[in-house]
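Here is a short report for a reader new to this structure. Look over the sequence and the model, then read on.

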Amino acid sequence: QRVGAPMPVEIHVDCAANASAGAKHGLIGLYSGQLVLTAGLPLIGGLSARQLAGVIAHELGHFAQRSGMSFCYFIDSVNTWFARCVYARDTWDDKLDELIQRYNDNRGNMLWIAKGSIWLSRKCMLVFLKLGVLVSRGLERQMEFDADRYEACIAGSSVFRDTTLRIKELNAAGDAVGKRLAYSWDDGKLTDNLSKMIIDQSRNLPERYRETITAGLHEQKTDRWSTHPSDFERIASAGALAARGVFVVDAPGTVLLARYERFNGALNAVIWEQ
């Protein structure tokens, strides 16, 4: 209600240290308001309730951006068409190469001219493709700033940086756990609670890892091809809002999911359906 987004028709959980919100049936679901919210169990168990509420507000904020999401969907569709024209070969290309190999006279020269024209047209389309990607990336970064605004207004600007840092720690722990499981797989051993293993690993990260992650918040720069702004810019933008937040419960995030332990051993599950 605070964000102004529709209620999700389904809520999913998985073992990723991430959260997302998307339409159930693509563009049709976007306009009909059929939102599917996905939250990673490592986030639920590794964040405070206030931090988790902010993350959920961020994801719901994206669904409140219906016009922006529709525009991005349209641009991405056009970009996909340009990319297929530029990079994908078809039967016409194969047939043209076959005819060039067959004819070594004036007909072959004309075929080479045709092939050169196709090459030139694809280079022109490549320019349009890059322009389209630049526009869509810029729009997506602004949508991230807008979603961050929802997060700051719900959880508070002061919590935004800590949440960002904590999620990065959980992702670093997830990478470390993935490598450990790759080795244990060879010995025929697997974990029965992946999300708990990630959370425990995040709390026991070596100090040098934590220092590297913290330093990265200030050193990362935004690339023009990136879909997300740098963490430094996002933290600065959220801090500039000076929002106090409306959800100030500092209990563990697990209080928001009564059956957390029941789902904690699952790789993925649907925990609520309208």
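## A salt bridge and its network

Asp 94 is partly exposed, because its relative accessibility is 45%. The model is predicted. Asp 94 pairs with Arg 89 through their side chains, in a salt bridge of 3.0 Å from N to O. Arg 89 is partly exposed, with a relative accessible area of 49%.

The count of salt bridges comes to 13.

## Glu 169 and its two partners

Glu 169 forms a salt bridge with Arg 166, and their closest N and O atoms are 3.2 Å apart. Both residues lie in helix 7, 3 residues apart, about one turn of the helix. Glu 169 is buried, and Arg 166 is buried too.

Glu 169 also forms a salt bridge with Arg 210, where the closest N and O atoms are 3.2 Å apart. Glu 169 sits in helix 7 and Arg 210 in helix 9 (residues 207-219), so this pair ties together parts 41 residues apart in sequence. Arg 210 is buried, as is Glu 169. Elsewhere, salt bridges with shared partners join Arg 89, Asp 94, Asp 97 and Lys 115 into one network.

## Helix 6 against helix 7

How do two packed helices get described? By the angle between their axes and the distance between the axes. Helix 6 (residues 106-155) and helix 7 (residues 157-186) pack at about 115 degrees, with axes 7 Å apart. The crossing of helix 6 past helix 7 is right-handed.

Helix 6 brings Asp 148, Glu 151, Ala 152 and Ala 155 to the contact, and helix 7 brings Ser 157, Val 159, Phe 160 and Thr 163. By type, the contact residues divide into 4 nonpolar, 2 polar and 2 charged.

Is Asp 148 buried or exposed? Asp 148 is buried, because its relative accessible area is 2%, and buried means under 20%. This residue of helix 6 makes a side-chain polar contact with the side chain of His 58, at 3.0 Å. Leaving out residues up to four places away in sequence, Asp 148 touches His 58, Phe 160 and Arg 234.

Arg 149 is also found in helix 6. Arg 149 counts as partly exposed, at 33% relative accessibility. The C-alpha atoms of Arg 149 and Ile 11 are 23 Å apart, and the two residues are 138 residues apart along the chain.

## A positive phi

Most residues other than glycine have a negative phi. Ala 242 has a positive phi, near 50 degrees. Ala 242 is found in the loop between helix 10 (231-241) and helix 11 (260-263). Ala 242 is exposed, with a relative accessible area of 60%.

Conventions
Residues numbered from 1 in each chain as written. Predicted model: local features only at pLDDT ≥ 70, side-chain atom pairs only at ≥ 80, totals over all residues. Heavy atoms only, no water. Axes fitted to C-alpha atoms, helices over the stretch in contact; angles between N-to-C directions. Helix = DSSP H or I, 4+ residues; strand = E, 2+ residues; numbered from the N terminus. Left-handed = near helix turned anticlockwise from the far one by under 90°. Contact = heavy atoms within 4.5 Å. Nonpolar A, V, L, I, M, F, W, Y, C, P; charged D, E, K, R; others polar. Buried < 20%, exposed > 50% of the residue type's maximum accessible area, 1.4 Å probe, protein only. Polar contact = N/O pair within 3.5 Å; in protein donor to acceptor, adjacent residues only side chain to side chain. Salt bridge = Lys/Arg side-chain N within 4 Å of Asp/Glu carboxyl O.
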